Amino acid sequence: MKKNQFDLEHLKKIADHTLSYAKKIGATSSEVEVSYGTGKNISVRLGSLETLEINRDKGFSVTLYNGHRKGSSSSSDLSIQSIEDTVDAAFNIARYTAEDPLFGLADKNLMATNMKDLDLHNAWDISIDHMIDLAKTCEAAALDVSQKITNSEGASISSAEGIFIYANSHGFMGGYPTSRHSIGCSVIAEEKSMMQRDYWYSSARHVEDLQSVDSVGKLAGTRTLSRLGAKKIHTCHAPVIFEAPIATGLISSLVSAISGGNLYRQSSFLLNSLGEKVASDQLTIEEDPFLLRGDASSMFDDEGVATHSRLLVDQGTVNGYLLSSYSARKLGMQSTGNAGGAHNLIVKTGSQNLKDLIQTMHKGLLVTELLGHGLNMVTGDYSRGAAGYWIEEGMIAYPVEEITIAGNMKDMLKQIIAIGNDVYKNGSKHTGSILLEAMSIASS
């Protein structure tokens, strides 16, 4: 991040003053996060600039405890007066909230002490004009795929940098700069008055890890073109492949079901699953907080608790939950360093690519798009609108649309036959395409 008034040392001073002032007015313990970020985003459509956004954000949030009472407040003004006013507001809130004996900071002995650099920041020194040129190149590459691609929803380029500090009254203080850059494109194809759209994008912490603008555009165009001529299909029960970008949603559902908030509220289809086999032998998930340049890499969680690498799911068996300090106390357990969520979930893949999975399936549905939010977290019942391709004799026969796929997550996890090596890495969950034994498929 370019040198500015909100460098790491300045944020540390703000955090120090916040904790000192909170103690002065009577807080028994407190925690604070201070952040500063900049970003720019442009989008073009049909060769012309459509949007240009430049932002600078400041953030300050404090949570303090008055015994077993808790108060939180936040501000975007980092002046000393505003900081003290915000702390006062949090303290006043704490006076009126109900007591909870489980409120409080994470245990002091769990605080992170190792602060290894995970290479999470890479400045992209790029001008607005160059960003516009790149977006135009990306969109042109998509439009050049075929004359049937007649319109565009646009191409975009974004770049953001940030820096933050988290500190608490245990004496913990940690923070680091981060970055995130992305390229995306979405176009529309038309044939016989029928239109289809699709997209592609690439995101990474380091610019050099991004796909080229040409390849993003070409892939967006190719995917869109392949959806022309989409049909409906008859209601059936058949094998289903979730393409890698969509398969991340299955992993997210599993993660939600073994996360503390849903567990202690008894709103999970995987209650009491620790040590239990909940999925097929094919599913092994590693949590790796120390992945260099990882989307969710960190040496500590949102409460300062040290993170750890672990096998979250081992050949279908749940080895651990995802717990913050509060959810851990509710369950009579210890924080797993997951306040704020999971850290880089890496799904173990097999030796087959997507083409191999399609041949293995022989006949069924390849899902490339899902619509709606159709998971009941309590029962595991799953139903989503979908689009993709119908497979016959191990090959794509034709695109399909306006269908619904349904099942129950408890069954779906156990029916995983294979996981492809076409790993999708545009996020914190890295997985290949996932082949399921069977789901109900209905035409709308």
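An open sheet of six strands runs in the order β3-β2-β1-β4-β5-β6, and its pairing is antiparallel. Helices (H or I, at least four residues) and strands (E, at least two) are DSSP runs, numbered from the N terminus. Two strands count as paired if DSSP finds at least two bridges between them. The model is predicted: local features need pLDDT of at least 70, side-chain atom pairs count only at pLDDT 80 or more, and totals for chains, interfaces and linings use all residues. Residues are numbered from 1 along each chain as its sequence is written, and side-chain values use heavy atoms, with hydrogens and water left out.

In the six-stranded sheet, β3 (69-75) and β6 stand at the edges. Each has a single partner strand, so one side of each is left without a neighbour in the sheet. Neighbouring strands of this sheet are turned by 20° against each other on average, direction ignored. Axes here are lines fitted to C-alpha atoms, for helices over the stretch in contact, and angles run from 0 to 180 degrees between N-to-C directions. Strand β2 (residues 48-66) pairs with β3 in the antiparallel sense, over seven bridges. Within this pair, F60 stands opposite S75 in β3.

Two helices pack on the sheet. Helix α2 (residues 80-96) touches β2 and β3. The direction of α2 makes about 150° with that of β3. Helix α3 touches β1 (29-45), β2, β4 and β5. The direction of α3 makes about 135° with that of β4. Contact means heavy atoms within 4.5 Å.

E139 has its place in helix α3. This residue is buried, with a relative accessible area of 2%. Buried means under 20% relative accessible area, exposed means over 50%, and partly exposed lies in between (1.4 Å probe, protein chains only). Not counting residues up to four places away in sequence, E139 touches V44, R45, L46, G47, S152, G154, A155 and C185. S74 is 65 residues from E139 in sequence, and the two are 40 Å apart in space, C-alpha to C-alpha.

Helix α4 (residues 213-225) has 13 residues. From first C-alpha to last, α4 reaches 18 Å, close to the 18 Å expected at 1.5 Å a residue. The expected span is 1.5 Å times one less than the number of residues. V213, V216, G217, A220, G221, R223 and T224 of α4 are buried. Seen down the axis of α4, these buried residues fall within an arc of 165°, so they line one face of the helix. The arc is that of the directions from the helix axis to the C-beta atoms. An α-helix has 3.6 residues a turn, so residues three or four places apart point the same way. The buried residues of α4 pack against α3 (128-143), β4 (149-168), β5 (173-191), β6 (194-204), β12 (364-371) and β13 (381-392).

The largest nonpolar core holds 47 residues. A nonpolar core is a set of buried Ala, Val, Leu, Ile, Met, Phe, Trp, Tyr and Cys residues joined through side-chain atoms within 4.5 Å. F242, L283, L365, I405 and I441 touch the most other members of the largest core. Helix α5 (residues 244-257) gives this core its largest share, seven residues. Apart from it lies another core, of 26 residues, among them I126, M131, C138 and A189.

F242 also takes part in strand pairing, standing opposite I434 in β17. Strands β7 (residues 236-242) and β17 (residues 434-443) run antiparallel and are joined by six bridges. Three bridges join β7 to β12, and these two run parallel. There, I241 stands opposite L366 in β12.

A second open sheet has five strands, in the order β10-β9-β8-β11-β16, with mixed pairing. β10 (317-318) and β16 (429-430) stand at its edges, each with a single partner strand, so one side of each is left without a neighbour in the sheet. Strands β8 (residues 285-287) and β9 (residues 310-314) pair in the antiparallel sense over three bridges. E287 stands opposite R310 in β9.

Two loop residues have a positive phi. Most residues other than glycine have a negative phi. H362 has a phi near 70° and lies in the loop between α8 (354-361) and β12. At 44% relative accessibility, H362 counts as partly exposed. E393 has a positive phi of about 50° and lies in the loop between β13 and β14 (395-408). At 66% relative accessibility, E393 counts as exposed.
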